[in-house]
Amino acid sequence: MSSHLTILGIETSCDETAAAVVTRDAEGRGTILGEVVLSQLEEHSAYGGVVPEIAARAHVEALDSLIGEALLRSGRSLSSLDAIAATSGPGLIGGLIVGLMTGKAIARATGKPLYAINHLEGHALTARLTDGLAFPYLMLLVSGGHTQLVLVRGVDDYERWGTTIDDALGEAFDKTAKLLGLPYPGGPAVERMARSGDPKRFIFPRPLLGEARLDFSFSGLKTAVRQAAQAIEPLSEQDVADICASFQRAVSRTLKDRIGRGLERFRALHPESAARALVVAGGVAANGELRMTLQALCEKHGFRFSAPPLALCTDNAAMIAWAGLERMAAGLAADDLSVAPRSRWPLDREAAALLGSGKRGAKA
Ligand code: KG4
Ligand code: ZN
């Protein structure tokens, strides 16, 4: 094996089609040589959410040329690569089939090994690509399909400490936006409105606050928002802004409580760890108020707060290539070409499935 490893990554698990070429040197430093992400936002916005069939079709149409473009930008040819990495779950099954089949075809044609990557492992390891973070660390994944607090012990070694028992946080933002008549995706719209709102006007519930378990719950919050909105209809622009600000405040208080407990647990378990860190990933990590809350929390508990650049927090193929590189460098075996895509694929093999969690289950 040469000291530099280079992998093509493919991501098609939800509504982003992406390809990237990433390299890793002998010291473990990664460099993105070329990457492309094509968002399908426009195709889905009329429906207020991702439509699986439309997503799968859009992946088919775009993927080949995106791979060509990523290779072009990287200055590499397929034959110079060490392996192919493709997301094979969790996610929308149609899209996963498109990406994994393409990865298999390239692996077969070039004779390179194939790594079937867990999308969540991609998110979990990104901070090592961007910040060179050492194991162990904590990761908070907050996206449209997932809300998880995970202990990242090493490559292929994860312990889920908390997950949502109902809606994912991004989903709660999207549903709140929808019932207030704001556009999809809801997160950015809610954040924008919240800037001119009064966060103290409505006191929304802070679910599971004070409970020792590290799980999350957001459906009660959404119901409370609906009831508050119905009680004062018709809503003025200021009413909508105040609801958004109050909703965001409730979310950030809840995260502060849950994550604060997670940081304490990490410290108790790893008193020797000199470089404690919390990593965030997922689209909701774009939210300024939540970032500030987490940053302050980390400072208080003596943790480094690591937030990869937004383009690497949301779905992308560089993280898939990187996860492949990490697996390869760790000596983990490549996958057989008979490997099947999986719409559900928990990172932590021991963690029990929580009733009601990840109903949409597909998005990460
Ligand atoms: O990771 P991501 O891009 O993709 C999937 O989940 O597939 O996350 C998208 C989610 C959406 O629910 C969106 O509303 C939310 O991230 N989001 C935000 C913000 N930007 C995106 N939520 C809160 N504040 C934001 N600024
Ligand atoms: Zn994701």
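Reader: Which residues in helix 7 meet which residues in helix 8?

Author: Leu221, Val225 and Ala229 of helix 7 meet Ile243, Phe247, Ala250 and Val251 of helix 8. Meeting here is contact, that is, heavy atoms within 4.5 Å. The helices are DSSP runs (H or I, at least four residues; strands are E, at least two), numbered from the N terminus. The model is predicted: local features need pLDDT of at least 70 and side-chain atom pairs count only at pLDDT 80 or more, while totals for chains, interfaces and linings use all residues. Residues are numbered from 1 along each chain as its sequence is written, chains are lettered from A and ligands numbered from 1 in the order in which they are written, and side-chain values use heavy atoms, leaving out hydrogens and water.

Reader: Why are helix 7 and helix 8 called roughly antiparallel?

Author: They pack at an angle of about 160°, with their axes 11 Å apart. The axes are lines fitted to C-alpha atoms, for helices over the stretch in contact, and angles run from 0 to 180 degrees between N-to-C directions. Angles under 35 degrees count as roughly parallel, over 145 as roughly antiparallel, 65 to 115 as roughly perpendicular and the rest as oblique. Helix 7 and helix 8 are therefore roughly antiparallel. Their crossing is right-handed, meaning that the near helix is turned clockwise from the far one by less than a right angle.

Reader: What is the make-up of this contact by class?

Author: The contact of helix 7 with helix 8 has 7 nonpolar residues and no polar or charged ones. Ala, Val, Leu, Ile, Met, Phe, Trp, Tyr, Cys and Pro count as nonpolar, Asp, Glu, Lys and Arg as charged, and the others, Gly among them, as polar.

Reader: At what angle do helix 5 and helix 8 pack, and how far apart are their axes?

Author: Helix 5 (residues 169-179) and helix 8 (residues 237-269) pack at about 170°, and their axes lie 12 Å apart. That angle makes helix 5 roughly antiparallel to helix 8. This crossing, too, is right-handed. From helix 5, Leu169, Ala172, Phe173 and Thr176 meet Phe247, Gln248, Val251 and Leu255 of helix 8. The contact residues are 6 nonpolar, 2 polar and no charged.

Reader: What is the angle between helix 5 and helix 7?

Author: The angle is about 15°, and the axes are 10 Å apart. That makes helix 5 roughly parallel to helix 7. Helix 5 makes the contact through Lys175, Thr176 and Leu179, and helix 7 through Lys222, Val225, Arg226 and Ala229. By class these residues are 3 nonpolar, 1 polar and 3 charged.

Reader: What makes a space a cavity, and what makes it a pocket?

Author: On a 1 Å grid over the protein atoms alone, a cavity is a set of points where a 1.4 Å probe fits but cannot get out, whereas a pocket is an open set with protein on both sides within 12 Å along at least five of seven lines; lining residues have an atom within 4 Å of a point. Grid points are joined across faces, edges and corners, and a volume is the space filled by probe spheres set on the points.

Reader: How many cavities of 30 Å³ or more come out by this rule?

Author: The count is 2. The largest has about 40 Å³ of space, and its lining includes Leu140, Val142, Leu255 and Arg291. Helix 9 gives the largest share of that lining, 3 residues. The lining divides into 8 nonpolar, no polar and 1 charged. The second largest cavity, of about 30 Å³, is lined by Gln148, Arg160, Pro346, Leu347 and Asp348.

Reader: What is the volume of the largest pocket?

Author: The volume is about 680 Å³. Of its 29 lining residues, Glu16, Pro185, Gly283, Val284 and Thr314 lie nearest the centre. Helix 6 contributes the most, 4 residues, and the lining has 12 nonpolar, 11 polar and 6 charged residues.

Reader: How do you know that the peptide bond from Phe135 to Pro136 is cis?

Author: Its omega is near -5°. Pro136 sits in the loop between helix 4 and strand 6. A cis bond also joins Glu233 and Pro234, with omega about 0°, and Pro234 is in the loop between helix 7 and helix 8. Most peptide bonds are trans.

Reader: What is the phi of Asp156?

Author: Asp156 has a positive phi of about 65°, although it is not a glycine. Asp156 is in the loop between strand 7 and strand 8. Most residues other than glycine have a negative phi.
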